[in-house]
Structure formats: structure tokens, C-alpha cells
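Here is a friendly walk through one protein model, written for someone who likes to see contacts and angles spelled out. Have the viewer open as you read.

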Amino acid sequence: MEKIEHTTVPTNGINMHVASIGAGPRAILFLHGFPELWYSWRHQLLSLSSLGYRCIAPDLRGYGDTDCPAPAAQYSSLHIVGDLFRPDRVKALVNTSVPFSPRNPKASLLAGLRAAFGDDFYMCRFQEVGETEADFAKVETGKLLAKILTSRSPKPPCFPKHVGFSAIPDLQSLPPWLTQEDIDYAAAKFDKTGFTGALNYYRSIDLSWELMGPWTGAKVNVATKFMVGELDLTLNFPRMKDYLLSGAMKQDVPLLEDVVVLKGVGHFLNEESPQEVTDHIHDFFKDK
């Protein structure tokens, strides 16, 4: 880990913290999700840099040591992509856990989720500024992160307002793939920034839907591989297994080459099964 370099890059009106390692002629850009950091890709950074790649993992806008603008309106898809915008340099894509979702011109993603799962669905519950932050603050940050990262429920995550996110079951002990050191590192960063930046991604879903109108019908037109854990709640969403496993996804991702379901693995597969994920990434990129 000490070989990983840390720099701050001014981009798109913010200062972005970037972790990187390796000096190969080809670069792999690793992008984390919620509630993660560059650190979530630590295993892949070390392994793939040793195989000759330049590996780059930023803390995304609102996370870790990158700037955290307060307004949710600064977390639209165009802001997030704009922080890293170089489509001319993207040769291939490995997408994990959450597949590409084509834009519905009639209703936003949030409206669709609310219609399907109700107001208690977690993305809907995240919408009111300050409410989820206060709810999260009731639990020690490390314990909260550990509960989210190790969740195994296949049901849509719904949290009634009177119960809150404390409904996530407590852990008896950490699984072998997640150490107390890992939890302490992430908790220290979220204790510093709070969760507002991370939650603002969800609060800008409707804004992103509006701004992305010109790209209705756009497809992913680079070579793509998709990976998802067998125990990932995403895989258990209505009609998702059919979309991923029947070949229907190729309608939206024409150059999709492979869909991989990792057995016995949950949502945060790059941490839970790091070597398997590394091997899949390397096997896909080595000939690209």
C-alpha cells in the first residue's frame, strides 16, 4: 500500500484526490460507488499494476479527500462525468454490480423506483436533505459502513421513516475479507466529510434525468464486460436476471462480450472476492 501515490488534481471546478500506482503503457481507471472510496479498489490497484498497468483510482466528487460541494445540483451525471471526461481514451469497460440503465423518456429512474417500491425504498428515503445524515449519525460510522458493506438481503432495501437505517442488522463479527483496519480507514474519511456529498448523487437523479434528455436512446459502444455477485440485491430486482442473462442487455450495450455472476458474492464484489475480480478484469483487458 505504501507504493500507491496520492496526488490532488484540479478538475472541473473541484480538487480531486487521486490514488495511482504502476507505469505501464495502458491505464485502468477505477471508479467507486456508495459508500466507498478509492480504497475500495486497493486490491486491484496492487495486483493489476504488478501486471503492467497504470492503475488510477480517485475519490469521486463528495467523497474522501476530494472536494465536497454542498448543493445537490452539483452532483448530476454531467458533473460526475465532467470531472473525468475523456471518452476518446476509453477503449473498454468492465462494469460491476449495477448495469447500464437506458433513459426512460417518460419518467426518471427515481420515479420508477418510487412506483415500484414505495417511498421507503432507500434511494427515495435519501432525498430529504439532512434526514438521512441525522439517521446515519445515530450509529457509529464504522459500524454503519460495516453493516452496509456486508449486507446480504435479496429484498429491495426499504426503511420506514419511523425505523430508519438502524433496521440494517448488526454484525456479530467482520467477514474475513473486511478488516477492522479497512473499516477504520473509511470511517475516518466519512467522519471528516459527512455523508452529504455521497447522498447528493441520489438527490440529483431527477436533475440528471432532465439534463440527459439529448442522450435518450444512446447506447454503450465500447467493448464491455459486466460482473455481479450472486447475492447482490441488484440481481434480484424485478426482471433484472432476465435482462442480464437472456442477452437482452446487448440491445443497450451492443459490444457486451460477457456477463459474469460471481457465486456466493454480494454487492461489493471487488472487496469481497478481490482476486476473482482482478482475474476477470485482466482476462478482459489484456487483449484490448
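## Contacts, sheet and salt bridges

Setting aside neighbours within four places in sequence, Ile-281 is in contact with Ile-28, Phe-30, Gln-44, Leu-48, Val-94 and Met-227. Please keep in mind that this is a predicted model. As a general background, nonpolar side chains tend to be buried together in soluble globular proteins.

Phe-30 deserves a visit of its own. Phe-30 sits in the loop between β3 and α1. Is Phe-30 buried or exposed? Phe-30 counts as buried because its relative accessibility is 3%, and the cut-off for buried is under 20%. Beyond the residues within four places in sequence, the contacts of Phe-30 include Trp-41, Leu-45, Cys-55, Pro-58 and Ile-281. Phe-30 and Arg-42 are 12 residues apart in sequence, and their C-alpha atoms are 10.0 Å apart in space.

Now for the sheet. Four strands make up an open sheet with mixed pairing, in the order β1-β2-β4-β3. At the edges are β1 (5-11) and β3 (26-29), each of which pairs on one side only. From one strand to the next, the twist averages 30 degrees. Strand β2 (residues 14-21) pairs with strand β4 (residues 53-58) in the antiparallel sense, over 4 bridges. Within this pair, Val-18 stands opposite Pro-58 in β4. Helix α1 (residues 42-49) packs on the sheet and touches β2, β3 and β4. The direction of helix α1 makes about 165 degrees with that of β4.

On the record side, an unreviewed UniProt entry carries the annotation "domain: AB hydrolase-1" for residues 28-278. In the model, the end C-alpha atoms of residues 28-278 lie 12 Å apart, and this span is 34% helix and 11% strand.

Turning to charged pairs, the whole structure holds 14 salt bridges. Three of them are listed here.

| Salt bridge | N to O distance |
|---|---|
| Lys-189 and Asp-65 | 2.9 Å |
| Arg-152 and Glu-272 | 2.3 Å |
| Asp-283 and Lys-286 | 3.7 Å |

How many residues apart are Lys-189 and Asp-65? They are 124 residues apart and link distant parts of the chain, with Lys-189 in helix α7 (residues 180-193) and Asp-65 in the loop between β4 and α2 (77-82). Lys-189 counts as buried because its relative accessibility is 18%, while Asp-65, at 30%, counts as partly exposed.

Arg-152 and Glu-272 also link distant parts of the chain, at 120 residues apart. Arg-152 lies in the loop between α6 and α7, and Glu-272 belongs to helix α11 (residues 269-272). With a relative accessible area of 32%, Arg-152 is partly exposed, whereas Glu-272 is buried at 15%.

For the remaining pair in the table, Asp-283 is partly exposed at 42% relative accessibility, and Lys-286 is partly exposed at 42%.

Finally, Arg-42, Asp-182 and Glu-271 are linked in a network of salt bridges.

Terms used: Residues numbered from 1 in each chain as written. Predicted model: local features only at pLDDT ≥ 70, side-chain atom pairs only at ≥ 80, totals over all residues. Heavy atoms only, no water. Contact = heavy atoms within 4.5 Å. Pairing = 2+ DSSP bridges. Helix = DSSP H or I, 4+ residues; strand = E, 2+ residues; numbered from the N terminus. Axes fitted to C-alpha atoms, helices over the stretch in contact; angles between N-to-C directions. UniProt positions renumbered as here; feature names shortened; annotations may be inferred. Buried < 20%, exposed > 50% of the residue type's maximum accessible area, 1.4 Å probe, protein only. Salt bridge = Lys/Arg side-chain N within 4 Å of Asp/Glu carboxyl O.
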